[in-house]
Amino acid sequence: MLNTLPAFDGPVKLRKPVEALVMVPRNNKLSPLSRKMYNVLLYLSQMTLRDMQGVPPATHLFGAPLAEVLKICGSENQNQKAKKYLAEMRRSEVVWDSPDSDAELQQVGFNLLSESRILKKGGAIWVYWALPPTLYETLADPDRWASIDLLVLSRLQTYAAIVLYEICSKYRNNPTRVTCRKDPAWWVELLSSTPISKDDETGQRKLPEWRKFKNKFVVRAMEQINEYSDLTIELLEDRGGGKALKTIQFRVTVKQSARTIDLAPDGATVDPSVLQYASSLGVTGDKEIVSLTRDHGAGAVIDALRNLEERQKQLNLPL
């Protein structure tokens with residue numbers, strides 16, 4: 001059965017099950033937009049499952065306008081490449097693990113999507129997808145989850161930044177304010193968009209050196225998260241009193257501006273990520289943003305901010 005969903009309007013937050021945070025590609029590269037798009041598909045599926053009676057059959061297809069899916073990703077002009085990203089998700093086998101050492105979860109492997117279709121419906125292009133049955137119950141009512149702000153996610157540019165933001169989001173309200181403590185190899189594999197290759201002779205994984213991986217990928221990922229998200233993260237390296245690096249974790253701090261939600265005069269709330277987005281573009285005056293959101297809706301305000309961001313990137317505009 002083909003299921004439809006209402007059009008997207010305003011900020012959306014995925015309650016991503018903790019099990020799905022550590023999602024490591026095993027056989028194919030997973031591009032940043034594919035990871036963003038998959039989170040959007042999970043969110044839309046979660047909204048549908050919430051309203052359904054019971055778990056649907058494995059053949060069930062979820063559906064939404066392709067333009068709305070790409071809009072949430074912050075990639076409205078990527079229609080022609082959507083088939084490529086869907087194919088990546090169908091081909092990509094991933095392994096779930098847990099970010100916590102005390103979790104009961106054993107590793108689970110499956111492909112991200114069981115099936116996908118792109119069809120024309122009523123003059124619009126729709127995308128339909130089927131999830132592996134393993135996901136249904138976990139996604140519909142997760143016992144433990146991280147709140148992933150898809151507006152923030154849409155602004156992150158690298159795969160490592162997207163994954164690191166997802167992991168750190170789990171610890172935003174944790175009393176310790178630090179992520180799990182893992183060895184460097186675990187973090188390298190987690191933050192890599194490409195499966196780790198193996199040596200033909202020894203069969204051992206050829207992991208890049210942490211120092212080089214950190215300088216190439218992790219530093220930039222942290223900079224993006226600290227600039228565009230509601231979090232500030234700090235790298236913590238533990239050498240255990242010696243020279244060799246033993247474990248790595250990240251300190252997670254919620255920015256002061258994101259701890260409160262401004263209220264419109266009629267009591268309507270405004271998502272802090274919208275205010276954060278506006279501020280990062282040099283738009284100050286939270287009261288004005290609140291008023292515009294109340295009058296025109298969060299979706300219209302976000303669209304206007306995205307147009308402003310695109311315009312700021314153009315260096316050849318007349319003065």
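Mentor: Buried means under 20% relative accessible area, exposed means over 50%, and partly exposed lies in between (1.4 Å probe, protein chains only). This is a predicted model, in which local features need pLDDT of at least 70, side-chain atom pairs count only at pLDDT 80 or more, and totals for chains, interfaces and linings use all residues. Residues are numbered from 1 along each chain as its sequence is written, and side-chain values use heavy atoms, with hydrogens and water left out.

Trainee: What makes helix α2 largely enclosed by the rest of the structure?

Mentor: Count its residues. Of the 8 in α2 (residues 66–73), 6 are buried, so the helix is largely enclosed. The buried ones are Leu66, Val69, Leu70, Lys71, Ile72 and Cys73. The helix label comes from DSSP: H or I runs of at least four residues are helices, E runs of at least two are strands, and both are numbered from the N terminus. Just after α2, Gly74 has a positive phi of about 75 degrees.

Trainee: Why is Glu189 called buried?

Mentor: Its relative accessibility is 14%. The cut-off is under 20%, therefore Glu189 counts as buried. Glu189 lies in helix α7. Leaving out residues up to four places away in sequence, Glu189 touches Val24, Arg26, Ile196 and Arg205. Contact here means heavy atoms within 4.5 Å.

Trainee: Why is the pair of Arg26 and Glu189 called a salt bridge?

Mentor: The term asks for a side-chain nitrogen of Lys or Arg within 4 Å of a carboxyl oxygen of Asp or Glu. For Arg26 and Glu189, the closest N and O atoms are 2.6 Å apart, so the pair qualifies. The two residues are 163 apart in the chain: Arg26 sits in the loop between β2 (22–25) and α1, Glu189 in α7 (residues 184–190). Arg26 is partly exposed, at 35%.

Trainee: What makes Arg50 and Asp51 qualify too?

Mentor: Their N to O distance is 3.8 Å, so it falls within the 4 Å limit. Both residues are exposed.

Trainee: How do you know that Arg251 and Glu234 are partly exposed?

Mentor: Arg251 is at 34%. Glu234 is at 39%. Both values fall between 20% and 50%, so both residues are partly exposed. They also form a salt bridge, with closest N and O atoms 2.9 Å apart. Arg251 is in strand β10 (residues 247–254) and Glu234 in strand β9 (residues 231–238). The whole structure has 10 salt bridges. Shared partners join Lys16, Arg35 and Glu166 into one network.

Trainee: What describes the packing of α1 and α6?

Mentor: Two packed helices are described by the angle and the distance between their axes. The axes of α1 (residues 32–51) and α6 (residues 159–169) come within 8 Å and cross at roughly 35 degrees. Pro32, Arg35, Lys36 and Asn39 of α1 meet Tyr159, Ile162, Val163 and Glu166 of α6.

Trainee: How confident is the predictor?

Mentor: Confidence is pLDDT, given per residue from 0 to 100. The chain averages 81, and 81% of its residues score at least 70. Helix α6 has the highest confidence, at 96, while α9 (residues 272–280) has the lowest, at a mean of 69. Two stretches stay under 50. Residues 1–8 are one of them, with 23 contacts beyond four places in sequence. Residues 259–267 also stay under 50, with 19 such contacts.

Definitions and conventions
Axes fitted to C-alpha atoms, helices over the stretch in contact; angles between N-to-C directions.
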